[in-house]
Every structure is written in C-alpha cells, then in structure tokens.
Amino acid sequence: MVDKHIPNDTLLYLNNVTVSFDGFRALNELSFMVREKELSAIIGPNGAGKSTMMDVVTGKTRPDSGEVFFHGEVDLTRYDETEVANMGIGRKFQKPSVIESLTVWENLELALAGRRTPFASMFGALSSKGARRIDEVMELIRLSDRKAWLGASLSHGQKQWLEIGMLLLQEPELLLVDEPAAGMTDEETFRTADLLRDLARERSVVVVEHDMAFIRALECPVMVLHEGSVLASGSLDHVQQNQKVIDVYLGR
Ligand SMILES: Nc1ncnc2c1ncn2[C@@H]1O[C@H](COP(=O)(O)OP(=O)(O)OP(=O)(O)O)[C@@H](O)[C@H]1O
C-alpha cells in the first residue's frame with residue numbers, strides 16, 4: 001500500500017471497491033479505513049451496500065475492482081472466506097448460531113477447540129490457559145453467572161453475547177458485527193453497546209446497525225453508506241445534520 005494519506009495505525013483500508021450485480025453497482029468505488037482498536041458504526045438505508053461491503057471484506061464476494069488492504073499489505077480480495085477468517089477477521093451474523101443443547105461453557109469450549117490442533121481437540125485436552133481464556137471471555141460477555149446454562153435457556157440478547165464470545169476465542173483483530181441490537185430489549189441494547197465499547201479496547205470493531213439509539217450509545221464515529229459509496233462520516237450528530245443524509249433517510 002503506497003498512500004501517504006493513510007495513517008500508520010490503519011488496520012483495514014478499502015480502496016475504490018466496486019461490486020456489480022448484473023450491471024447494478026452495489027458498491028461504487030467505495031473507500032474508507034478502519035483504525036486499530038477503533039469502534040466505528042456504518043449506517044445506511046436498505047440496499048445501501050452494507051452487507052455487500054462485509055461480504056467483500058470477509059472474502060465471500062470478490063469485487064470487480066479495487067483493493068482491501070489488511071495491515072497495509074495483504075490484499076484480502078485475493079483470499080477466500082476461510083483464509084480471511086484465519087488472518088484475524090471475525091464476522092458476527094444477525095442470527096445467532098449458538099448450540100442450544102450445550103451450556104454456555106461448552107459452546108465456548110467448542111469455539112476454542114476450533115483453533116486448537118486436531119490432536120488436542122481429539123483428546124479433549126483443554127489447557128489451563130484455554131480454560132482461563134474462556135473465563136475471561138465469559139466475564140467480557142457478561143455471562144460468568146450463566147456458565148452452566150444451556151444455550152436454549154438464554155435470552156435473545158444473551159445468545160448474541162455468547163456468539164460474540166465464541167468469535168472472540170478466534171482472537172480476531174477486526175470484528176464485523178451485523179445488527180447486534182435487532183430484537184433486543186432496551187436494557188440488552190445498552191448492555192450490548194457497553195460490551196462493544198469494551199471489546200474495541202483490544203481490537204477494531206465495525207458495527208452495521210439501523211437502531212439510532214444504539215448507535216448513539218456506542219459513542220463512536222459513524223459512516224453513512226448510500227448507493228454503495230460514503231455519503232457522510234463523522235459523529236452521529238454531525239451526520240444527522242447533513243442535508244444529503246436527511247434527504248436519503250426521508251427518501252427525497
Ligand atoms: N447476490 C446479489 N445479486 C443481485 N443483487 C444483489 C446481490 N446482493 C446484493 N444485491 C443488491 O445490491 C444492493 C446492496 O445490497 P446490500 O444487501 O449490500 O445492502 P444493505 O445495505 O446491506 O441492505 P439492508 O440494510 O437491507 O441489509 C441491493 O440493491 C441488493 O438488492
């Protein structure tokens with residue numbers, strides 16, 4: 001990456017990314033950057049290109065043109081989903097995929113096993129280091145007192161937190177989180193905002209969300225996507241006062 005304007009602490013840099021479906025541009029020369037250990041939010045009306053952007057970053061969709069630099073050098077567009085995940089990019093989908101018949105601890109243990117050697121997983125040897133890490137993650141996701149609860153008995157919000165915990169055990173440097181507050185109670189929504197702020201102390205977190213109260217609680221920079229490009233960026237107050245943003249949201 002040879003661009004003088006890119007700060008040294010940039011973790012992810014999309015450069016002029018275009019994705020077309022049958023001639024329709026879902027992403028249109030999209031460029032933006034994510035700094036290390038930064039929490040940021042992406043908003044935008046339906047069809048703005050938010051999911052497509054995450055598909056490109058995670059190797060699910062290959063762009064027609066443009067690059068996606070991770071750590072300044074690696075162009076993620078050359079790798080597939082598994083390779084990108086192994087490089088340290090985690091994606092939390094909207095629908096939780098927690099195993100309902102396993103406890104919180106067992107779900108986390110399984111997620112940790114995913115990154116242990118086949119030999120260690122086969123013989124069930126969870127190291128004391130591994131167990132400590134699961135304890136730390138349970139603390140982070142506010143589920144320490146639910147350790148022995150079955151997935152099925154958790155609330156919707158708790159399932160989402162457990163799923164975030166499972167991703168954390170992959171130790172991602174960048175976490176992409178898709179509409180985490182959807183379907184949550186107000187209290188869960190605010191606890192989730194707290195949780196994501198905590199997570200961004202150790203890694204970069206990008207949240208795609210529609211819920212403005214939740215975005216406000218994140219207290220982070222916001223980028224507005226529209227028709228596959230950045231329409232505005234800055235604080236939530238700043239973008240909400242932007243006339244172009246107002247027009248797009250009011251459908252003018
Ligand atoms: N596989 C596909 N084939 C054809 N068109 C697609 C495909 N994926 C996305 N699109 C189109 O690209 C545009 C961007 O879609 P995308 O899902 O990225 O938007 P979004 O901002 O995530 O929307 P939402 O908030 O509704 O989830 C939409 O017009 C969508 O219909």
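This is a predicted model: local features need pLDDT of at least 70, side-chain atom pairs count only at pLDDT 80 or more; totals for chains, interfaces and linings use all residues.
Two residues are taken to be in contact if their C-beta atoms, placed from the backbone, lie within 7 Å.

Glutamine 158 belongs to helix α6, which covers residues 156-168. Setting aside neighbours within four places in sequence, glutamine 158 is in contact with Leu143 and Arg146. Arginine 146 is 12 residues away along the chain, and the C-alpha atoms of glutamine 158 and arginine 146 are 9.3 Å apart. Is glutamine 158 buried or exposed? Glutamine 158 has 22 other C-beta atoms within 10 Å, and is therefore buried.

I turn next to the packing of the helices. Two packed helices are described by the angle between their axes and the distance between the axes. Helix α6 has a partner in α3: the two axes come within 8 Å and cross at roughly 30 degrees. An angle under 35 degrees counts as roughly parallel, so α3 and α6 are roughly parallel to each other. Their crossing is right-handed. On the α3 side, the residues that meet α6 are Val104, Asn107, Leu108 and Ala111, and on the α6 side they are Leu162, Gly165 and Met166. By class, this contact holds 5 nonpolar and 2 polar residues, with no charged ones.

Helix α3, residues 104-113, also packs with helix α5, residues 128-140. Here the angle is about 125 degrees, and the axes are 10 Å apart. That angle makes α3 oblique to α5. The crossing of α3 and α5 is right-handed.

Arginine 142 has a positive phi, near 60 degrees, in a residue other than glycine. Arginine 142 counts as partly exposed, because it has 19 C-beta neighbours inside 10 Å.

A positive phi also occurs at histidine 71, with a value of about 60 degrees, although histidine 71 is not a glycine. Histidine 71 sits in the loop between β4, residues 65-70, and β5, residues 74-75. With 16 other C-beta atoms within 10 Å, histidine 71 is partly exposed.

Which residues lie around the ligand? They are Phe21, Ala26, Gly44, Asn46, Gly47, Ala48, Gly49, Lys50, Ser51 and Thr52. By class, this shell comprises 3 nonpolar, 6 polar and 1 charged residues. Helix α1, residues 50-57, gives the most to the shell, with 3 residues.

Threonine 58 has 20 other C-beta atoms within 10 Å. A residue is buried if 20 or more such atoms lie within that distance, and threonine 58 is therefore buried. Leaving aside neighbours within four places in sequence, threonine 58 is in contact with Glu81, Val84, Ile89, Arg91 and Leu176. As for methionine 212, 154 residues away along the chain, its C-alpha atom is separated from that of threonine 58 by 25 Å.

Note on methods: Residues are numbered from 1 along each chain as its sequence is written. Axes are lines fitted to C-alpha atoms, for helices over the stretch in contact, and angles run from 0 to 180 degrees between N-to-C directions. Helices (H or I, at least four residues) and strands (E, at least two) are DSSP runs, numbered from the N terminus. Angles under 35 degrees count as roughly parallel, over 145 as roughly antiparallel, 65 to 115 as roughly perpendicular and the rest as oblique. A crossing is left-handed if the near helix is turned anticlockwise from the far one by less than a right angle, and right-handed if clockwise. A residue is near a molecule or strand if its C-beta atom, placed from the backbone, lies within 6 Å of it. Ala, Val, Leu, Ile, Met, Phe, Trp, Tyr, Cys and Pro count as nonpolar, Asp, Glu, Lys and Arg as charged, and the others, Gly among them, as polar. A residue is buried if 20 or more other C-beta atoms lie within 10 Å of its own, exposed if 12 or fewer, and partly exposed in between; C-beta atoms are placed from the backbone.
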